[in-house]
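Here is a friendly walk through the model on your screen.

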Amino acid sequence: MDNHTVIETIDLRKEYKRDEFHVIALQKANLLIQQSEFVALMGPSGSGKSTLLYLIAAIDRPSQGRVRVLGQDLQELSDKAIAQWRNENIGFVFQTFNLIPVLTARENVELPLLLTGLSKKQRIEHAQTALKLVGLEDRMSHYPRQLSGGQEQRVAIARAIVTDPALILADEPTGDLDAHSAHEILTILARLNKEQNKTVVMVTHDPHAARFAGKIRYLEKGELLPEGSSPPI
Amino acid sequence: MWKYIPFAFKNTLRNKRRTLLTIASVAVSILLLAVLIAVYHAFYFREGSPQEALRLVVRNRVSLAFALPEHYEQRIRQLCGVREVGSLSWFGGVYIDSRPEHFFPRFATDPEKIFLIYPEMKISAEQLKAFQSERTSAAIGKSLAQKHNLRLGQRIVLKGDIYPTDLELTIRAIFEGTQGSSDNVLYFHRKYLQEGLPQRRQGYVGTFGILADAPESVPRIAREVDDMFRNADRQTKTDSERAFQLSFVAMLGNVKLFLLSICSAVVFTILLVSTNTMAMSVRERIKEIGVLKTLGFTTGKVLAMIIAESVIVAMIGGVVGCSLAYLVGMGLGGRVPMMSSGLLIPSVVPTISLAVAFVIGVVSSVFPAFHASHVPITDALRHVG
Ligand SMILES: Nc1ncnc2c1ncn2[C@@H]1O[C@H](COP(=O)(O)OP(=O)(O)OP(=O)(O)O)[C@@H](O)[C@H]1O
Ligand SMILES: [Mg+2]
């Protein structure tokens, strides 16, 4: 592992055991992603894409195996330290946008900055910059319900990048959008990847979306297929 | 920490109707609590006038219904520390008719002494003289005069019931008491009452009022008076004026326990209601909490923000309820016996109200908040609510 490796997972395994049922959501996942890569994760529903993304974001802990992200061995961190680490290093974009309905676009974007030492003024400046970057400078004081789906997702991207994380993780970011908005979102992600050297890992079902990525990795039944495999049917 | 408060506040606006209802229910219970505290206070802690702390009341050891010989007065007067002593006999009687609005305390007393024992009752020198020099005169409190529209020089008739005699009195003085109760009284000459009584009932009085020279002398005087008459055929029971008044309250039953149990029931009920509301409000937000934690909020921060939100709502309710209590206190003025100047809301009420509101806010949210903030992020994000 060298300095340019952003994500490295070794024999990652995640099982869900509850009472009777026992699911292996992910197994034998060995993933290596370098800085400034744009990787798409594809696979059928239930193949473990979200699970893998959550393990990389330290939203969940693996049952076995190791995850190193940005040089940090994630299992070494306590829950509290992980929260801070995620705040600083990961920008997460959801399929369903997940903006806070009672906050304006600007306040939503400002939210992750509350956890930093920035002053109110600096927080507002950063939030404005991030919103400009996604082309929403004229929607700062709109509430989520006053925005279109595409705009909401742009606000969500602004919220993900406002702390200037090195890694952006997106779980089907265009899944709820029409073709046009989806294209806008993908363009923004590609731009962040190219112009700001952000490493992007995006889960998608959409082959068109996957074309924005430089590399596609496939999952099937919880297994990460080797690099260069052809898509499962 | 303060930077999270605006966010917590905005969360209260999420469901405005529910928040308003919560505020209203907290407000109503705090109002009830504040009024109960005020009533309790009026009974037990009322800040007496400085003179009140100097006064004692001597009564028959057996019961207030039994009288004391008037000659006890001379012997009490000789005790060290007694500055003034005079008799007060509850006349009872009927003014106009026996409806409650025509009821007020009437005492036969010694006109030379009553205003010395109660120096806080303000009376002009000439009216005092007029009251003292006419055998059938009466002195009444200002609020009593206003309530019954009584004027100087007016004649009134009191029909006796405890005492078998009717009194025809002329109002010669209107004095100003310091608080509602001492302002709602009629005094008349004891001599005039005695004249109308059969021989065997003469020479007795209901109670003696004593004004001591210093508050420190009060307990000692009480002891000495009772000791002095321990072997007499009519023994005495001497209390501070405060304790004497409380013995009336005690006749109403265990008011203290009654008020306390209503208070706790009110607080407990509102606690259940708020907890339920808070649980509902938090459950709808599990997914958002997952999002916040994805952004880097720790379990502790999420917990604190939910509690802060609940505390904000409860405190607003507390402020509203407490303010309403003052309005109610003023509104009661003149409508309730013993509270002619309104129900005085004691100064501890805002503190207690806000403290109770704070506790309601914390306690009602701590369990829902604890549960919600500990849902694993992956489960929270999957949550549909
Ligand atoms: N919290 C959980 N409890 C139990 N089983 C789970 C849990 N999370 C995921 N699983 C199971 O793990 C497997 C992988 O789930 P995952 O969400 O990673 O799939 P996915 O590839 O993201 O699917 P989709 O495309 O539908 O989002 C599924 O079979 C799922 O049912
Ligand atoms: Mg998924």
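## Ground rules and domains

Domain bounds come from an automatic or database domain assignment. For chain B, that assignment gives domain 1 (2–47 + 253–382) and domain 2 (62–234). The C-alpha centres of domain 1 of chain B and domain 2 of chain B lie 49 Å apart.

This is a predicted model, in which local features need pLDDT of at least 70 and side-chain atom pairs count only at pLDDT 80 or more, while totals for chains, interfaces and linings use all residues. Residues are numbered from 1 along each chain as its sequence is written, chains are lettered from A and ligands numbered from 1 in the order in which they are written, and side-chain values use heavy atoms, with hydrogens and water left out.

## Nonpolar cores

A nonpolar core is a set of buried Ala, Val, Leu, Ile, Met, Phe, Trp, Tyr and Cys residues joined through side-chain atoms within 4.5 Å; buried means under 20% relative accessible area, exposed over 50%, partly exposed in between (1.4 Å probe, protein chains only). The largest such core has 40 residues, and V109(A), L131(A), V155(A) and I157(A) have the most contacts inside it. Elements of chain A that each supply at least two of its residues include α3 (105–110), α4 (120–133), α5 (149–161) and β7 (167–171). The most comes from α6(A), with seven residues. Helices (H or I, at least four residues) and strands (E, at least two) are DSSP runs, numbered from the N terminus.

Contact means heavy atoms within 4.5 Å. Leaving out residues up to four places away in sequence, V109(A) touches A127(A), A130(A), L131(A), V155(A), A158(A), R159(A) and V162(A). Another core, of 35 residues, lies apart from this one, and V6(A), L31(A), L55(A) and A57(A) are among its members.

## A buried glycine in chain B

Strand β3 (residues 82–90) of chain B holds G86(B), which is buried, with a relative accessible area of 4%. Residues up to four places away in sequence aside, G86(B) touches E73(B), K113(B), I117(B), T207(B), F208(B) and G209(B). I210(B) is 124 residues from G86(B) in sequence, with 6.7 Å between them in space, C-alpha to C-alpha.

## Cavities and a pocket

On a 1 Å grid over the protein atoms alone, a cavity is a set of points where a 1.4 Å probe fits but cannot get out, and a pocket is an open set with protein on both sides within 12 Å along at least five of seven lines; lining residues have an atom within 4 Å of a point. Grid points are joined across faces, edges and corners, and a volume is the space filled by probe spheres set on the points. The whole structure has five cavities of 30 Å³ or more. The largest cavity holds about 210 Å³, and of its 20 lining residues, T19(B), T22(B), T277(B), M278(B) and V313(B) lie nearest its centre.

The second largest cavity has a volume of about 100 Å³. Its lining includes I100(A), F7(B) and N11(B), and α12(B) gives the most to that lining, with four residues.

Two or more lining residues come from each of β1 (5–18), β2 (21–34) and α1 (49–56) of chain A and α14 (377–382) of chain B.
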